Amino acid sequence: MITITRRIEFCAAHRLHNPDLSDAENKRIYGVCNNKNGHGHNYAIEVTVRGALPRKTGMVMDLKDLNDILQKVIHNPCDHKHLNHDVAMFESVIPTAENMAIKFWEAVDDELQQYHGVHLHLVRVIESRNNFVDYTGPDPGDIV
């Protein structure tokens with residue numbers, strides 16, 4: 001098995017806020033990330049796929065194809081947007097880095113179905129120089 005990774009970047013705003021909680025509880029849980037008007041990040045997303053190495057091509061997958069998928073399902077919908085208000089995949093999801101990784105996994109995985117033998121291995125959401133989230137796929141115990 002070989003893994004290959006493509007990285008993309010985009011800028012977006014979001015607000016961490018659960019409408020089922022009081023303003024005080026949201027402030028306690030999310031702190032400055034609960035700012036009423038949101039706040040922004042320069043995100044980097046790394047997507048790693050895995051597969052066998054075909055003798056015919058010597059590539060698990062053409063990285064241009066992977067980049068095209070990432071542009072279509074992540075960059076174009078999210079770049080310079082407010083994730084809570086402008087991006088359909090976050091309509092009913094608090095756009096934490098963890099939830100972003102799950103939603104990006106789902107979107108990329110759907111597109112990879114057309115590539116025989118290529119499987120999603122990892123989605124990394126880098127929110128800042130010091131904070132990032134890795135998601136390696138669904139597990140029944142992921143959401144409590």
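# Close-up views of a predicted model

**View A. Histidine 82 and its contacts.** Leaving aside neighbours within four places in sequence, histidine 82 is in contact with Ala13, His14, Arg15, Asn37, Gly38 and Val87. Contact here means heavy atoms within 4.5 Å. The model is predicted: local features need pLDDT of at least 70, side-chain atom pairs count only at pLDDT 80 or more, and totals for chains, interfaces and linings use all residues. Residues are numbered from 1 along each chain as its sequence is written, and side-chain values use heavy atoms, with hydrogens and water left out. Histidine 82 sits in strand E3. Helices (H or I, at least four residues) and strands (E, at least two) are DSSP runs, numbered from the N terminus. With a relative accessible area of 15%, histidine 82 is buried. Buried means under 20% relative accessible area, exposed over 50%, and partly exposed in between, for a 1.4 Å probe and protein chains only.

**View B. Histidine 80, in the loop between H2 and strand E3 (81–82)**. Is this residue buried or exposed? Histidine 80 counts as exposed because its relative accessibility is 62%. Its backbone has a positive phi of about 55 degrees, although histidine 80 is not a glycine.

**View C. The largest pocket and its lining.** The space in this pocket amounts to about 190 Å³. Its lining takes in Arg15, His17, Pro19, His82, Asn84, His85, Phe90, Glu91, Ser92, Val93, Ile94 and Pro95. By class, that is 5 nonpolar, 5 polar and 2 charged residues. A pocket is found on a 1 Å grid over the protein atoms alone, as an open set of points where a 1.4 Å probe fits, with protein on both sides within 12 Å along at least five of seven lines; lining residues have an atom within 4 Å of a point. Points are joined across faces, edges and corners, and the volume is the space filled by probe spheres set on them. Ala, Val, Leu, Ile, Met, Phe, Trp, Tyr, Cys and Pro count as nonpolar, Asp, Glu, Lys and Arg as charged, and the others, Gly among them, as polar.

**View D. Asparagine 34, in the loop between H1 and E2**. Asparagine 34 counts as buried because its relative accessibility is 8%. Which residues does asparagine 34 contact, leaving aside its neighbours within four places in sequence? They are Arg15, Leu16, His17, Asn26 and Lys27.

**View E. Isoleucine 29 in helix H1 (residues 23–30)**. Isoleucine 29 is partly exposed, at a relative accessible area of 42%. Leucine 16 is 13 residues away along the chain, and the two C-alpha atoms are separated by 9.1 Å.

**View F. The largest nonpolar core.** This core has 34 residues; Ile45 and Phe104 have the most contacts inside it. Two or more residues come from each of strand E1 (2–14), strand E2 (39–51), helix H2 (63–78), helix H4 (97–112), strand E4 (119–126) and strand E5 (132–135). H4 gives the most, with 9 residues. A nonpolar core is a set of buried Ala, Val, Leu, Ile, Met, Phe, Trp, Tyr and Cys residues joined through side-chain atoms within 4.5 Å. Residues up to four places away in sequence aside, phenylalanine 104 touches Phe10, Ile45, Ile74, Cys78, Met89, Phe90, Val123 and Val125.

**View G. Leucine 70 in helix H2**. Leucine 70 is buried, with a relative accessible area of 0%. Not counting residues up to four places away in sequence, leucine 70 touches Arg6, Ile8, Val47, His75 and Val108. Isoleucine 8 lies 62 residues apart from leucine 70 along the chain, yet their C-alpha atoms are separated by 7.3 Å.

**View H. Asparagine 131, in the loop between E4 and E5**. Asparagine 131 is partly exposed, at a relative accessible area of 41%. Not counting residues up to four places away in sequence, asparagine 131 touches Val125 and Ile126. Glutamate 106 is 25 residues away along the chain, with 22 Å between the two C-alpha atoms.

The protein chain as a whole. The chain has 4 helices and 5 strands. From the N terminus on, they run β-α-β-α-β-α-α-β-β. Of its 144 residues, 42% count as buried.
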